[in-house]
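Here is a quick tour for someone meeting this structure for the first time. Have a look at the picture, then read on.

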Amino acid sequence: MLENILRTLPQVLFDGITLGTVYAVIALGYTMVYGILKLINFAHGEIFMTGAFIGTAILLAFSSLGWIGTLPIIILVLVAMFLTAGVTGAIGVGIERIAYRPLRKAPKLIALISAIGISFLLQDLVRFTTEFANDGNFYLIGPELFKSNINVPLSKMASFLSDASFKTSFLFVLVTAVALMIILDVFVNKTKWGMAMRAVAQDRDTAALMGVNVNKTISLTFFIGSALGGATGVLFAVQYGTIDPYIGFILGLKAFTAAVLGGIGNIRGAVLGGLIIGVVEMFAAANLSTLTNHVIGAEYKDVFAFIILILVLLFKPEGLLGKALHEKV
Amino acid sequence: MPMLQIKDLGKNFAGIQALKDVSLSVEPNSITAFIGPNGAGKTTLFNMITGVYPPSTGEILLEGKSLLGCKPDEISRRGIARTFQNIRLFSKMTVFENVLVGCHNQLKTNVLTAVLGLPFTKKEENIAEKEAYKLLQFVGLAESLNEEAGNLSYGNQRKLEIARALATKPRILLLDEPAAGMNPRETRELTDLILKIRDEFKLTLILIEHDMKLVMKLSEHIIVLDHGEKIAEGNSHDIQNNPKVIEAYLGTGAVAK
């Protein structure tokens, strides 16, 4: 049995890390907004989903213009991601302005309900638009962009491993997601506005007294988080092909879990949490039925991820990279 | 023209009159002290000058222009900076980063260029970093550059707050109990630092302080508040001999009848 698990481990890691980077980028959106507003922006999963639809629509438009096949696919996807990021970023800013800012002084629970409301609104809006444009179907199938597979002949290197293979798009998703995270990290740690974001997250009133425009900083946070979420939606659509208006819910929950696992409010923690959940989920999907002698099937993989979450939080409630709060007496 | 002018300023908090008809003016390049027993309304006055909350009545003028309706960040941009009675540093950021936040408004980069052109903003960030380093040298914290602000000693945290406030390039600097919790040696250093700030940065300084030695040594003008009202003003000699002031501090019995 162990031999079998080891044999498939490289493939599990490839798949898990790729899925994990998708979770990680979405988790960034949750963690940034939480850091600055102490608000769980439940609409963020729907921003991701909206991004997937906008991106697919753009790619379908490229396809009908006959550009796919004539222009380099990577460029086309990057253009679609860039445009989508702009639109979802603007949607994020709009949501904050309309649904959260007026409630900033209200109890946090009120804003949370508002976020859930926005979630449903976005789901239905996207569903309606898609049905309207797509002959009554609410799911959308994007153009197939990456057809080739990359094979890694691991069995030649070590006889106890079996070969791994992945679609070219996996590599694209992985590289792009990592690039997005590096850019964000540099932005937050090295630039004036990143500094302002961290200052507002720590102490909003003092930051204002030091001349930081708090509203602008919060808008910027929403823009970046939502732009990243939307761009990841495009990556997801490219990777998995078919999308529907409900993909944001479960993916959003898992990304949120990743953010909590890593320590909510902590950007690097979100990345770590995303990777762990991605790998654990893929590991469970591949091995759950072997491990339990076919009693529990691969479809229980999500339970596995959440058990890990609960275990970690039992022993380290602040999350893996979160800082423990010591109450002063 | 006075640097700062306050006219009939009042503040009510849910029926409690924290400040009542306070009028005063502060001359450019001077050092003024607000003194008074606890609860006299000194910090309330600072909070209104910096826009933390709006006055209930009256007006605040910076070089003749009203500050009413301005948000704290606008007031900061117009040239008023402050420190806090209970230290409010960004304790999880480094010493250097704290000062850089103060430099925020000296940088032109707006949100859009920051998002679109990461590399192009680099040059400006460098200027801010040099500026921040100079300020840390000035207050004597250059060696602690990369330490987390929360780990500094109490006295050094107060100095860092001053450096951060100076980074906003103020024309008026408000210091809220800068010597609180300092030992005598630190207080002496602080006194020198405050004089150096006034002379090198050509600033107008206003301080709230309970350490009377420091107040008498530094201030050219002293304003005494009690129960939200201004009860006296003048130079240190006038204040020390004012029966109303002695009464406020020591009670009615202290004044020989």
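Strands here are DSSP runs of E with at least two residues, numbered from the N terminus. By that count, D176(B) sits in strand β7 of chain B, which covers residues 172–176. One thing to keep in mind from the start: this is a predicted model.

**Two residues in chain B**

Is D176(B) buried or exposed? It has 23 other C-beta atoms within 10 Å, and 20 or more is what it takes, so D176(B) counts as buried. Which residues does D176(B) touch, once its neighbours within four places in sequence are set aside? They are T43(B), F46(B), R82(B), T83(B), F84(B), Q85(B) and I208(B). Take T43(B): in sequence it is 133 residues away from D176(B), yet their C-alpha atoms are 7.2 Å apart in space.

R78(B) is another residue to look up, and its place is the loop between α2 (72–77) and β6 (80–82) of chain B. With 17 other C-beta atoms within 10 Å, R78(B) is partly exposed. R78(B) and T168(B) are separated by 90 residues in sequence, with 9.7 Å from C-alpha to C-alpha.

Here are the two pairs side by side:

| Pair | Apart in sequence | C-alpha to C-alpha |
|---|---|---|
| D176(B) and T43(B) | 133 residues | 7.2 Å |
| R78(B) and T168(B) | 90 residues | 9.7 Å |

**A sheet with a helix on it**

Chain B has an open sheet of four strands, in the order β2-β1-β4-β5, and the pairing is antiparallel. One of the residues involved is L62(B), whose bridge partner in β5(B) is K65(B). Helix α1 of chain B (residues 42–49) packs on this sheet, touching β1 (4–13), β2 and β4 of chain B. The direction of α1(B) makes about 65° with that of β2(B).

**How chain B is divided**

Chain B splits into domain 1 (1–79 + 170–257) and domain 2 (90–168). Taken over C-alpha atoms, the centres of these two domains are 27 Å apart. Ten residues from domain 1 of chain B and eight residues from domain 2 of chain B make the contact. On the domain 1 side, α2 and α7 (184–201) of chain B are the elements that give two or more residues, and α7(B) gives the most, with three residues. By class, that side has six nonpolar, two polar and two charged residues.

Chain A holds twelve helices and four strands. For its 329 residues, a compact globule would have a radius of gyration near 20 Å, and chain A agrees with 21 Å. Its C-alpha atoms fill a box of roughly 65 × 55 × 35 Å along the principal axes. Buried residues account for 48% of the chain.

Between the chains, 22 residues of chain A are in contact with 27 residues of chain B. On the chain A side, α6 (168–190), α7 (192–202), α8 (204–209) and α9 (214–240) each supply at least two residues. Which of the elements gives the most? That is α7(A), with seven residues. This side of chain A divides into 13 nonpolar, five polar and four charged residues.

How values were computed: Residues are numbered from 1 along each chain as its sequence is written. Chains are lettered from A and ligands numbered from 1 in the order in which they are written. This is a predicted model: local features need pLDDT of at least 70, side-chain atom pairs count only at pLDDT 80 or more; totals for chains, interfaces and linings use all residues. A residue is buried if 20 or more other C-beta atoms lie within 10 Å of its own, exposed if 12 or fewer, and partly exposed in between; C-beta atoms are placed from the backbone. Two residues are in contact if their C-beta atoms, placed from the backbone, lie within 7 Å. Two strands pair if DSSP finds at least two bridges between them. Axes are lines fitted to C-alpha atoms, for helices over the stretch in contact, and angles run from 0 to 180 degrees between N-to-C directions. Ala, Val, Leu, Ile, Met, Phe, Trp, Tyr, Cys and Pro count as nonpolar, Asp, Glu, Lys and Arg as charged, and the others, Gly among them, as polar. The radius of gyration is taken over C-alpha atoms; the globule rule is 2.2 Å times the number of residues to the power 0.38. Domain bounds come from an automatic or database domain assignment.
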